[in-house]
2 protein chains.
Amino acid sequence: MSSEVQLDTIDRAILKELQKDGRLANQDLAQRVHLSPSACLRRVKRLEESGVIAQYVALINPKAVGKQGTSYTIINLERMTTAALDAFEAAVLASPDILDCFYVAGSNDYMIRFAYKDAEDLERFHTQVLMQLPEVARSNSMLVLRTIKKSTAFPL
Amino acid sequence: MSSEVQLDTIDRAILKELQKDGRLANQDLAQRVHLSPSACLRRVKRLEESGVIAQYVALINPKAVGKQGTSYTIINLERMTTAALDAFEAAVLASPDILDCFYVAGSNDYMIRFAYKDAEDLERFHTQVLMQLPEVARSNSMLVLRTIKKSTAFPL
DNA sequence: GGTGAAAAGTTAGCTTT
DNA sequence: AAAGCTAACTTTTCACC
């Protein structure tokens, strides 16, 4: 549906601004893209309704909610049967600690992302969450030591 | 700074709502957390100024801007000297195609994330971007085939 | 796509608990 | 010290050009 929407230069300018500041007032946005507020609002609504803009969110500082770090973990399943995948995925969906989970190409792996409070919490995650997931053969954690770049926005 | 801010139950309720809808009107937010608009606004401003809320952003549908898929790539450098890391990181920062880059624990690796338009664009990325990065010894790409879960929000 | 006016939302000073 | 009240101000929204 939204994959077929044609975007012009102004639409892209709007998306660029809104990806930087999702709370930008329509009046200010209109000024930045050289449009009247009403014309600008019509475009924004169209972008929202067509699903080009999926969601507006507040990004919060992980440290402020006690999350000291993030880890990416690559997971290999024991069996690649539908039942095994389903069981694994259901467990992932049920775990609030797991923030992201992707089925990735390569050697039939999953990759998950989670945030931890401290070393103790990280250990808890490994023993209480990771090791409890069904069908896991191997897992390889990559703790984030430093962030060079992090973006929620796409280049336009 | 923001790591020391004490959050009470109402603050957490506010963050929970704003992580789901960053454009929620203050009046509506106030109602959901059972506060008057002015009291609610004071708390939101405090959360913003203390850096607990880092940013508001619009999340856009990758397909709508022509991005068919995402890939995570693990990168091993040839040498782990400061100069090598600096050269690599400078090149990463200069590449608009690379959305995220983390220095991760394990075998002295980096992990990067990028989005591609189609198979051709993916190949372009590998030959024009990945292979041009300095100091790269090995890289291992994990194409996202399916997303089981994806979240920008932290559980509160 | 722009204009203008009504409706809705924001915000700050002051009072109350 | 933090919440509520009120009222001025700003922004959104929409019928109409």
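This is a predicted model: local features need pLDDT of at least 70, side-chain atom pairs count only at pLDDT 80 or more; totals for chains, interfaces and linings use all residues.
The expected span is 1.5 Å times one less than the number of residues; helices here are DSSP runs of H or I with at least four residues, strands are runs of E with at least two, and both are numbered from the N terminus. Residues are numbered from 1 along each chain as its sequence is written, with chains lettered from A and ligands numbered from 1 in the order in which they are written. Local features need pLDDT of at least 70 and side-chain atom pairs count only at pLDDT 80 or more, while totals for chains, interfaces and linings use all residues; side-chain values use heavy atoms, leaving out hydrogens and water.

The buried residues of α3(A) are C40(A), R43(A), V44(A) and L47(A). They cover an arc of only 100° around the axis, which puts them on the same side of α3(A); the arc is taken from the directions from the helix axis to the C-beta atoms. An α-helix has 3.6 residues a turn, so residues three or four places apart point the same way. Here, buried means under 20% relative accessible area, exposed over 50% and partly exposed in between, using a 1.4 Å probe and protein chains only. The buried residues pack against α1 (9-20), α2 (26-32) and β1 (53-60) of chain A, with contact meaning heavy atoms within 4.5 Å. On the face turned away from this buried side sit the exposed residues R42(A) and E49(A). After α3(A) comes G51(A), with a positive phi near 85°.

Turning to the DNA, α3(A) gives the largest share of the surface near DNA strand C, four residues. At least two residues each come from α3 (37-49) of chain A and from α2 (26-32) and α3 (37-49) of chain B. By class, this surface has four nonpolar, five polar and three charged residues; Ala, Val, Leu, Ile, Met, Phe, Trp, Tyr, Cys and Pro count as nonpolar, Asp, Glu, Lys and Arg as charged, and the others, Gly among them, as polar.

Phosphate oxygens of DNA strand C lie 2.9 Å from a side-chain N or O atom of S36(A) and 3.3 Å from one of R43(A). For S38(A), a polar side-chain atom is 3.0 Å from a base oxygen of DNA strand C.

Technical notes:
A polar contact is a pair of N or O atoms within 3.5 Å; within protein, one must be able to donate a hydrogen and the other to accept it, and residues adjacent in sequence count only if both atoms are side-chain atoms.
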